[in-house]
Amino acid sequence: MAEPELLLDSNIRLWVVLPIVFITFLVGVIRHYVSILLQSDKKLTLEQVSDSQVLIRSRILRENGKYIPKQSFLMRKFYFNNQEDGFFKNTKRKVVPPSPMTDPSMLTDMMKGNVTNVLPMILIGGWINWTFSGFVTTKVPFPLTLRFKPMLQQGIELLSLDASWVSSASWYFLNVFGLRSMYSLILGQDNGADQSRIMQEQMSGAAMAMPADTNKAFKAEWEALELTDHQWALENIEEELMSRELDLDGMFNSKH
Amino acid sequence: MEMRDKLRKWREDNHRNSEQIVDVGEELINEHASKLGDDIWIIYEQVMIAALDCSRDDLAWTCLQELKRQFPGSQRVKRLAGMRLEALEKYEDASKQYDSILQDDPTNTAARKRKISILKAQGKSAEAIRELNEYLEQFVGDQEAWHELSELYINEHDYGKAAFCLEELMMTNPHNHLYCEQYAEVKYTQGGLENLELSRKYFAQALKLNNRNMRALFGLYMSASHIAASPKVNATVKKANVKYATWATNQINRAYQLAGRGTKENKCSVKAVEEMLESITMS
């Protein structure tokens, strides 16, 4: 709908928009360091390390098996996949999926994660709402329906105001998600301030139980290995090699 | 602070030039300790290992004391203390030290590997081989260990098992020409027609990966001529191998000519190579 463009006081820009960006960023950085301090040590068991390496070895066998003689490849494939005593067929790991309720260490981890991330967000969001209320902060560049009005225009009681004009609280939330890439630039990947990643992890963590993975991973490897065939890369290597002269450039220059 | 940069470069490249490290490191520690900040700890570790290599026990002891003071409960420092005991040939004590580390943390690979090297230093290669096998059962991905095991097997003349270890290494590092070449040499030593063919192929692979590998070139020549000379092969195989051998000869000649480009000594060595090749060639 055609409406007169609202001209916002430039003071708003100076004293509202920029401080909110600043606050969000600093809170994020503080969160990162706090999460490092609170991180509990992850102890890996010998079995886990060993299993992960075996999986890597089997994968390498599949990918690079073509560089070793056919006999050796078959020998290893047999070792892994044999019906009676192949490694993948026989090794069953005792699996106790650690449900969040029973496993105490995971419980504390989850709690720490929640406290570090969600609590500050709520607190600061509320504080910003209270401090910077009563005026319009910015305009989103795309048109929104009226349904968004109560959500995005928290303190503003104007019925006729276009829903694209939003309050400071929504600018704060926009910042929280938008500064994610800034965090990875400054703090390096995998930082504790990356909230959306953590929320994703929490959602998928409930559906995923790590140790059960080992058995499934073994089964998947078994299938994949069954399917691989041995194409010897060295079949015609002499012909390939002798098709041209060796490149002996620079072999006898003085070195170091 | 180019001394610090030098040390860092050596550390990252895993150079083992212990004497240089000791010289540079000692000077750095004695004179510029305050300017190094937190880097000093890792420099202490590097210099200590180099000092153990050069039998500089005094220097090693000072470094160890500093590290112990700063990091009292650390596994890494305990391992260094164990290494010092090893250098002093107090193998029993060193072994106990490593055992205590392993009790705390069974996944600590460094301590296990030091125990195995103690056995090797004492000359008990059969036991070392056994321990290394057990270690590799747990940690299949450790390439250093596979290489060490292949060396031990070669010393015991167990070429079949050495070949197995080298195969693991070739799979994990398909572009490393040195592993191909070592594998080919082991196969050549094993002998037998099949192994000679395999060795020829792997020498060729090593050459393909690195055109300048002279050992592989000579190896190719030797294996090809051996097969050609063997009475059991049929005519086509023989012809093919003679072709390979002559090609290899040409490349060798080319290489030696490039080597000196006409200097007097070089002319003699080129002649020597030609004669050698002719003497080995059996037609």
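What is the place of Thr24(A) in chain A? Thr24(A) lies in helix 1 (residues 10–38) of chain A; helices are DSSP runs (H or I, at least four residues) numbered from the N terminus. Because its relative accessibility is 5%, Thr24(A) counts as buried (under 20% relative accessible area, with exposed over 50% and partly exposed in between; 1.4 Å probe, protein chains only). Apart from neighbours within four places in sequence, Thr24(A) is in contact with residues including Tyr172(A), Asn175(A) and Tyr183(A); contact means heavy atoms within 4.5 Å.

**Basis of the model**

This is a predicted model, in which local features need pLDDT of at least 70 and side-chain atom pairs count only at pLDDT 80 or more, whereas totals for chains, interfaces and linings use all residues. Residues are numbered from 1 along each chain as its sequence is written, chains are lettered from A in the order in which they are written, and side-chain values use heavy atoms, with hydrogens and water left out.

**An exposed residue**

Met111(A) is found in helix 5 (residues 104–131) of chain A. With 54% relative accessibility, Met111(A) counts as exposed.

**The interface of chains A and B**

Chain A contributes 37 residues to the contact and chain B contributes 39 residues. Across this interface there are 3 salt bridges (a side-chain nitrogen of Lys or Arg within 4 Å of a carboxyl oxygen of Asp or Glu). Arg57(A) forms a salt bridge with Glu168(B), their closest N and O atoms being 2.5 Å apart. Helix 2 of chain A gives the most to the side of chain A that touches chain B, with 9 residues.

Technical notes
Helix = DSSP H or I, 4+ residues; strand = E, 2+ residues; numbered from the N terminus.
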